[in-house]
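These are my notebook entries on a structure that I looked up for the first time.

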Amino acid sequence: TEVEKGKVDIGSKLFQESYILAHMAGIMLEEAGYEVDVHEGLGGTFVNYEGLKQGSVDVYVEYTGTAYSQILNQSPLEVWDSEVVYQKAEEGLNEDGVLVISDLGFENAYALAVKKQWAEENNVVTISDLETHAPDLIIGTDPEFPLREDGLLSINNIYGFKFKEVKPTVATLMYEAIKLDEVAVISAYTTDTRNEIFDLKILEDDMNALPPYDAIVVMSAEFAEANPDAVAALEKLDGQIDTETMRGLNYQFDVEKREAEDIARDFLIENGLIE
Ligand code: PBE
């Protein structure tokens with residue numbers, strides 16, 4: 001019989017992928033004998049990270065570029081390199097009492113997207129091509145992008161233009177807003193299949209304003225030390241999800257309207273990670 005191993009609090013951010021991955025971690029930990037509380041949509045980066053530091057969150061899924069720029073406040077690299085960002089993020093988190101337990105195997109980056117038809121009509125392919133249009137365009141964003149050094153501030157700085165107006169909201173409403181032409185540009189997520197479904201074009205970041213964002217499972221070092229079985233359970237997720245797979249899981253949530261927990265459980269069963 002299973003020995004009672006205690007409770008785990010899993011945080012998540014305000015978008016579908018973060019719910020799905022939180023449940024995935026939760027199911028793995030349940031299978032390992034933990035009592036699990038998945039906090040779907042707990043908050044943004046800082047709510048989850050501060051929770052981790054204070055002990056109200058034990059585990060959540062973060063992204064290397066976010067850890068590097070937002071959490072650790074490191075300056076941009078001349079040329080972004082995902083391995084360098086990964087290493088520096090891991091080192092910095094470790095110094096802060098946080099461990100990277102697994103590298104899930106995919107990237108979910110920020111990207112600027114516009115309607116494909118508008119891009120064609122205006123010959124816009126790269127972010128630089130937006131320069132003459134930006135003063136007339138409204139950009140819809142997620143809650144964090146406008147305030148992030150690795151987000152809109154970097155775009156403004158490096159490309160040297162500003163949009164007419166910024167409308168922040170949660171990711172799913174940001175996508176609805178561009179679909180309905182309420183905004184002309186969004187801070188798209190590269191694993192979101194609404195980029196294709198809503199006929200959007202991802203603009204090339206020709207001046208390297210945006211860092212790489214590999215998905216990583218992070219855990220407080222204190223919790224990890226006391227719970228080696230939890231570490232072992234989540235290490236099994238290492239390298240298990242490539243970008244196409246993550247996009248497929250997000251599609252199940254956004255288009256097929258399935259529950260995040262069901263999507264996570266089916267994935268784990270199909271991949272032999274649980275029975
Ligand atoms: N991202 C892109 C953001 C949201 C989408 C994954 C880099 C983040 O959570 O940091």
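Entry 1. I began with a salt bridge, in which the side chains of Asp9 and Lys7 meet at 3.2 Å, N to O. I took a salt bridge to be a side-chain nitrogen of Lys or Arg within 4 Å of a carboxyl oxygen of Asp or Glu. I noted that Asp9 is buried, its relative accessible area being 13%, whereas Lys7 is partly exposed at 41%. For these words I used the cut-offs of under 20% relative accessible area for buried, over 50% for exposed, and partly exposed in between (1.4 Å probe, protein chains only). I also found that Lys7, Asp9 and Asp37 are linked in a network of salt bridges.

Entry 2. I noted the basis of the work: this is a predicted model, in which local features need pLDDT of at least 70 and side-chain atom pairs count only at pLDDT 80 or more, while totals for chains, interfaces and linings use all residues. Residues are numbered from 1 along each chain as its sequence is written, and side-chain values use heavy atoms, with hydrogens and water left out.

Entry 3. How many salt bridges are there by this rule? I recorded a count of 15.

Entry 4. I looked up Glu62 and Lys13, which form a salt bridge with their closest N and O atoms 2.7 Å apart. This pair links distant parts of the chain, 49 residues apart: Glu62 is in strand 3 (residues 59-63), and Lys13 is in the loop between strand 1 (7-10) and helix 1 (16-31). Helices (H or I, at least four residues) and strands (E, at least two) are DSSP runs, numbered from the N terminus. Both Glu62 and Lys13 are buried.

Entry 5. I then turned to Glu196 and Arg247, whose salt bridge has its closest N and O atoms 2.4 Å apart. Glu196 lies in helix 8 (residues 194-197) and Arg247 in helix 11 (residues 243-254), so that this pair too links distant parts of the chain, 51 residues apart. Is Arg247 buried or exposed? I found Arg247 buried, at 11% relative accessibility, and Glu196 partly exposed, at 44%.

Entry 6. I placed Glu131 in the loop between helix 5 (116-121) and strand 6 (138-141). Glu131 is partly exposed, with 45% relative accessibility. The C-alpha atoms of Glu131 and Gly160 are separated by 7.9 Å, the two residues being 29 apart along the chain.
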